[in-house]
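Have a look first, then the questions start.

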Amino acid sequence: MKQDKQKSENKIEINELIEKLSPLEIKIIPYLKEPVEKIAKKTGLDSVSVLRALRFLENKNIIKLKTISKTIVELGVNGVYYKKNSLPERKVLAILEQNNHLPLEEAKKLSKLSENEFKVSLGVLKNKALITLFGGKISLNATREELSKKSLEEQLLDLLPIEKNKLSPELNYALDNLRKRKNIVEIKDKSIIELELTPTGREIAGKEIKSDFLEEVTPEIIRDWTRGKKFRRYDILAPVPQINGGKKHFVNQAINYGKKIWLELGFKEMTGPKIVSSFWNFDALFTAQDHPVREIHDTFFIKDVEGNLPANKELIKRVKEAHESGVGKSRGWHYSWNENAAKKVLIRTHTTALSAITLSKLKKEDLPAKYFAIGKCFRNETVDWKHGFEFNQTEGIVIDPNANLMHLIGYLKEFARKMGFDKIKIQPSYFPYTEPSLEGLVWNEERKEWVEVLAAGIFRPEVTIPLLGTAIPVLAWGPGFDRLMMAAYQIADMRELYSNNIKKLRNEPIWKK
Amino acid sequence: MATIKISKEELKKHIKLDDSIIEKINMFGTPIESINDERIELEIMPNRPDLLSPQGFIRAFKAFMGKETGLKKYRVHSPEKDFKVKISDSVSEVRPYTACAIVKKLKLDDEKIRNLIELQEKLHTTVGRNRKKAAIGIYPLEKITLPISYEARKPGEIRFIPLEAEKEMTGSQILQQHPTGKEFAKLLENYSTFPIFVDAKGKVLSMPPIINSNEIGKVIETTKEVFIECSGSTLEVLKKILNIIVTTLAEMGGEIYAMDLEYEKNKITTPDLKPEKLTLSLDNTNKLLGLRLKEKDVEKLLPRMGYEYSKGKVLVPVWRTDILHEVDIIEDIAIAYGYENLVPEMPEVATTGEESKESKISSKLSELLVGLGLIETSSYHLIKADEAERAKLEENEKIELENSKTEYKMLRPNLLIPALRTFAENKDNEYPQRIFEIGTTFRKNKMNSAETGIKESEHLIIATSPSNFTDMKQILDYLTRMIDIKYELKEAKHEHLIEGRTGTILIYNKPIGYIGEVHPEFLREWNIKMPLSIIEISLDEIFNKFKA
């Protein structure tokens, strides 16, 4: 009873299996007992289709595939020719069989061999002691019996292609000899696929399977549909070829997300140049002219272009004053401010240069106002896994006569929350153009540590008085964007952000926030 | 970035150390870089050079934690006989100022000498701007015969044995041969005379800012009394640096003596440890911080940052180099109050968010191209010198950077070069490869940009491989149809494209770019093996046609 039940269960399984077979599989099942390389010939399918069908069958547990790498000896280009027309040494022997002693020149002529072939032949025959060379003549040493036998080399050529380790020691010796000659044999490492039938496989292998299952749905099938017809079952677990779609660069996906946060918080986007004069990048931001950041080994200055100060003379005067003797009760840096140093043209080192330009254009009636910028900034830096000469920066400014430090922290907290960080810690910090200055650290749950992500501060009066005319508080902050991206995309090497590896661009999952 | 290392043992002598105290170190504005069982490494921000020694840090941090608060006062003894430095006018060209002092009764040990040398070096690299703005020399007084002169001489006439050398060298030899001399040579090499400190017997103490004498210029454990000089270009800065050093030495147990500096035009006495007085408005403080502090709160908070406060007047410690304005004091009030105690507040300021027109249009264009199955790339704004050469750039397209540390030496004039680089680097990846990029390009143009002489323009490049002219024209048709702009094509020649398969793209009769098949010869030069067709256009005109 029990056995019967098992048998009938097996039968159902096999029937279901047959329903799932694709036309390709059905085509090769009759030949599954043959070696793999013969299946293609017998079915008339190309080898790629056979391989695909075999993989499908393996997924259905009908066969098991094994890949074996083998060293195969094959005929080379000359080998193919010699196998058909006999080896050159055989030709020489054939001539000598007619005439036991021959002058070299004559033998060569009669053999119709090339200079090289003839030379090689003599060498081979001499080594085997079948001939002797003396006084410009060749003499045959071999007996008729010896001549009638196939040489080892000839035996080998007859066997090719063959697996190298199936050769006898003598034939291996012959192989070594032939390898010394040009293009007679080739040795290749090949991976060969072998199949083994599973118990299920054994039941159906070799059978002609008739299937009248429907394949793809066609307009005709829809039109002529009658009950009782059956569709072939698909192996829905079988893998399918990968497709790729159009996509935004993963860095820009993250940047767009940052932009969204600023917009939701009511900030207007600032636009402006990436190439600016030192005036906007440094002087207007109260960075003393001897500050190390202004040296060529930190900042990219442009060669051979002449910069100019902005047209607003009053602004230049106030900036000069802020540096030299101070504005609005400030003591200033106490040095003589040099116009030419402020004219030097550079690629912006921070988006704060854009904030300075924006502030200088602001009118009283625009207040309160909120602006943000997002974009590339540059520094003269070597490139390695954690440094690069380009980086993405974003920052926002709030120009509000009533703004204060508590507000700044409030904005920071909200900004961090929108970025997905609920835990934020505020610490004192320093920047030349803000006072107070602070740093926002967020909690990285994976690494269990605080990570510096946000830099922030309130612009110094030495910055705001020249730019705005009066000391209105300007709150400013921005996240280190590249660091955030590297964490989110689990990128360890910063260079990957800019490498444009198309495979990576295709496969990198989307920014998930 | 400057850091200091402090042994926990030393710190424990002054403050009980536990986890909450360690967190306070971060909240003091000196973030902890690393910490182990023996020592703590702290980052010192550039505005606080007075914290660059363990003594300086402990002085400040103790007050912050409520121990020995208020303005710390140090006694300065009047100059004794011959405590004098004569400054010759000859230095005015090369290194015009010095500020000097003497400290006695020192009990130095290995650790203290190390602290002192490290402080000196860190001051050199930070506020001293690598010795350019200020350089410091510290000498054992017992080897010096007072008074001292500061003067400038011709390099060939300066002779002494410098530190780490065995024989006498001239000023020029030091710059050419001595390792330290070579390192700092650029600070003196353009001057015809070099400055030196010389004692009353004519022995050279040092040649600032390069090197001290081997005989006189070395402080050792048995040194009890030292002469200190700071030389440089700005007297104000030198005085501050001197203050940092002498008060650090006083923290080590030394006694400070003033010196008379006899400049040819005037006489001054240094160090001057009289604190500076600044006014502080309680109203401004509360406005900037968003707090409601009362005067008595400020009276408690400021002494914890080393200040003395009374009725709107603040006495600032003489070693603080960073107090330029009231806001600097207000920040210190906030630090004393504790950033962790500030309650975040989200103000109700009604403003509307607005993306720039350029961003909006760019992102619409990329949406369309993504819809066509193209992948966006993002390339460096810089290109390599050899790329510029292969692309045969015009003069106004070559914008070089000064001293770039990488092989990327120029600004990109177009997006074609980065795109070619991308295809060359991806030749082993699966085809078809279809990419686009929107980004800034740069050209020299005096007319359009008076401040920098460089015109920036947003470009769009579309490049697909393998592909032909028709493929590209289909994309161009689609794109312009979707943004509702009509374009025209004119046959054109382009250096890198196949003639007869190249067109100039015009909108409103203005050329905005080109379309075409890239010439195989050019592709081979770029090591690209598959056919490539491109569109590159400037978006400026398109931006103009859109309303904001």
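Q: What distance lies between the C-alpha centres of domain 1 of chain A and domain 3 of chain A?
A: The two C-alpha centres are 67 Å apart. Domain 1 covers 2-62 + 198-211 and domain 3 covers 250-507, with bounds that come from an automatic or database domain assignment. This is a predicted model, where local features need pLDDT of at least 70, side-chain atom pairs count only at pLDDT 80 or more, and totals for chains, interfaces and linings use all residues. Residues are numbered from 1 along each chain as its sequence is written, while chains are lettered from A and ligands numbered from 1 in the order in which they are written.

Q: Why is α16(A) called roughly antiparallel to α20(A)?
A: Helix α16 (residues 313-324) and helix α20 (residues 461-468) of chain A cross at roughly 165°, and their axes come within 8 Å. Angles run from 0 to 180 degrees between N-to-C directions, along lines fitted to C-alpha atoms over the stretch in contact. Over 145 degrees counts as roughly antiparallel, so that is what α16(A) is to α20(A).

Q: Which residues of α16(A) and α20(A) meet?
A: From α16(A) come L315(A), R318(A), V319(A) and A322(A), and from α20(A) come E462(A), I465(A) and P466(A). Being in contact takes C-beta atoms, placed from the backbone, within 7 Å. By class, five of the contact residues are nonpolar, none polar and two charged; Asp, Glu, Lys and Arg are the charged kinds.

Q: What makes β7 and β12 of chain A edge strands?
A: Each of them, β7 (268-269) and β12 (424-428), pairs on one side only. They belong to an open sheet of seven strands with the order β7-β10-β11-β15-β14-β13-β12.

Q: What about β4(B) and β15(B): in which sense do they pair?
A: They pair in the parallel sense, over two bridges. V76(B) stands opposite I256(B) in β15(B).

Q: How many residues of chain A are in contact with chain B?
A: 83 residues of chain A are in contact with 77 residues of chain B. Helix α19 (residues 405-419) of chain A gives the most to chain A's side, with seven residues.

Terms used:
Contact = placed C-beta atoms within 7 Å. Helix = DSSP H or I, 4+ residues; strand = E, 2+ residues; numbered from the N terminus. Pairing = 2+ DSSP bridges. Parallel < 35°, antiparallel > 145°, perpendicular 65-115°, else oblique.
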